[in-house]
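Subject: Handing over a structure

Dear colleague,

I am passing a structure on to you, and I would ask you to keep it open beside this message while you read. My notes follow directly below it.

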Amino acid sequence: MATAYRSAFVYCLEDPSKVSPDQAMVYEPDGLLVVEEGKIIASGKVETLLPTLPAGTEVITFADALIMPGFIDTHIHYPQMDVIASYGEQLLDWLEHYTFPAEGKFADAGHCQQIAESFLDELMANGTTTALVFGTVHPQSVDAFFTAAEARGLRMIAGKVLMDRHAPDFLRDTPEQGDKDSRELIKRWHNRGRLSYAVTPRFAPTSSDEQLTLAGKLLEEFPDVYLHTHLAENLDEVRWVSELFPAASGYLDVYDRFALLRPRAVFAHGIHLDQAEFRRLAETGSAIAFCPTSNLFLGSGLFNLRGAKEEGVEVGLATDVGGGTSFSLLQTLNEGYKVQQLRGDKLHPYEAFYLATLGGARALHLQDRIGSLAAGHEADFVVLDARGTRLMSQRMAKAASLEEQLFVYMMLGDDRAIRATYANGQSQYQREVCS
């Protein structure tokens, strides 16, 4: 039996930076979303669709709200949940002092299960219905995450970290063990329901040539799995990579030499890249995850969003928890706007929400399934509350256009602006409306 959801709704058809607003956006101030068996079977004007519903169809109304596709986080570390908001370090020291000790605890399967559930609770409370997720070097970290995600019917992508050098002994694998573990996890989880696997070298410095070679061979053997790693986040990291790989022309070239650039390859950060490197990413169908909160928090730099898009790189939005300081993609857009301001660029609210929805879906090659409210897509959507806070309620009353409403959501919104989250047509989170 279908269920219908009545509210204002909006979703993207195309990148708003490339076409006019009327070509990029679908907006219905009084719309109806009809969902059945986890899929959107119709979306449009209430006056058009309401008379077509079968007798007895439940209609759920959200007043003072805006429905949009579920948010897509293209880079996040679930094992770092307990070190979010850790003080005072830049990337390499932060990994040593906070990340590695936290990840060591994931040798315990019970700890993996507890953090996986808490992590998914937090995603749902922030309207994030799909994420590309780092595990740890331990296979059980991935098993626990996928088990929890499968039970909730979520579309998630994750992988075991490959790391055979320049890390504590308790977090190292070997090239052979990493390859073996990855193969077993791919066979167990990839394309199981709504789950997908990502081959996940942490970053070039922590994998030997042999391990990166085996990662490339895995991608050749399983061409529809993902590649998920870090790229050019921090200047000290970039210098370290040049010392470790002197034959490479740059950081990106390291991954290129091991055949890791390809469709479904997502590189987090990409701050310190030039236009030629952006062009190479675009040529290979590789994507970048834009992580503004962690880039600011760790002092890494200001991502050149405009330069990447000018070269045709697909870019998704990412929280990068725990270097990132919020699970909220609304707060992440807030910081993304400021990053672009500091660069002398603009981040229009239409383009911002494209990054958080359809842009993320395209970066993940999932645009035929998620990132839209069009009929035929999976029923992953979030209900934004225009009265989520007193200030938002007051400011929203003065908003004279959709553009202004979206800008208020991205500048003032956080988890309090999430009224409800649905994934695969099922309610995952409901919040009381602020009076």
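Please bear in mind from the start that this is a predicted model.

**Cavities**

Rolling a probe the size of a water molecule over the atoms shows where empty space is left. In this model the search gives three cavities of 30 Å³ or more. The largest cavity holds about 130 Å³ of space, and the second largest cavity holds about 40 Å³.

What surrounds the largest cavity? Its lining is made up of 14 residues, and those that lie nearest its centre are H77, L91, L95, H230 and E233. Helix α3, which covers residues 91–104, gives the most to this lining, with three residues.

**The chain as a whole**

When you step back to look at the whole chain, you can find 17 helices and 16 strands in it. The radius of gyration is 21 Å, close to the 22 Å that the globule rule gives for 435 residues, so the chain is as compact as a globular protein of that length. Along the principal axes, the C-alpha atoms fill a box of roughly 65 × 45 × 40 Å.

Of the 435 residues in the chain, 61% are buried. If you take the contacts between residues at least 6 apart in sequence, 76% of them join residues at least 24 apart. The accessible surface of the chain comes to about 15900 Å², and carbon and sulfur atoms account for 48% of that surface.

Is T136 buried or exposed? T136 counts as buried because its relative accessibility is 0%, and the limit for buried is under 20%. T136 sits in the loop between β6 (128–134) and α5 (139–152). Leaving out residues up to four places away in sequence, T136 touches P79, E103, F106, S141, K160 and V161.

One of those partners, S141, has its place in helix α5, and S141 too is buried, with a relative accessible area of 0%. Under the rule that leaves out residues up to four places away, S141 touches Y78, F106, C112, G135 and T136. The C-alpha atoms of S141 and H111 are separated by 8.8 Å, although these residues are 30 apart along the chain.

T200 belongs to strand β9, which runs over residues 195–201, and T200 is buried, with a relative accessible area of 0%. Setting aside neighbours within four places in sequence, T200 is in contact with F134, G159, K160, V161, L162 and H228. For a pair at another distance, you might look at T200 and T293, which are 93 residues apart along the chain and have their C-alpha atoms separated by 22 Å.

**Backbone points to look at**

Most residues other than glycine have a negative phi, and most peptide bonds are trans. With that in mind, please look carefully at the following places.

The peptide bond from V321 to G322 is cis, with omega near 0°, and G322 is found in the loop between β13 (314–317) and α13 (329–342).

H166 has a positive phi of about 55° although it is not a glycine. H166 lies in the loop between β8 (161–162) and α6 (175–189), where H166 is partly exposed, with a relative accessible area of 35%.

A259, which is likewise a residue other than glycine, has a positive phi near 60°. The loop between α9 (251–257) and β11 (265–269) holds A259, and A259 is partly exposed, because its relative accessible area of 34% falls between the 20% and 50% limits.

With best wishes

How values were computed:
Residues numbered from 1 in each chain as written. Predicted model: local features only at pLDDT ≥ 70, side-chain atom pairs only at ≥ 80, totals over all residues. Heavy atoms only, no water. 1 Å grid on protein atoms, 1.4 Å probe; cavity = no way out; pocket = protein on both sides within 12 Å on 5 of 7 lines; lining within 4 Å. Points joined across faces, edges and corners; volume = space filled by probe spheres on them. Helix = DSSP H or I, 4+ residues; strand = E, 2+ residues; numbered from the N terminus. Buried < 20%, exposed > 50% of the residue type's maximum accessible area, 1.4 Å probe, protein only. Contact = heavy atoms within 4.5 Å. Rg over C-alpha atoms; globule rule 2.2 N^0.38 Å. Areas by Shrake-Rupley, 256 points an atom, 1.4 Å probe, with all protein chains shown as cover.
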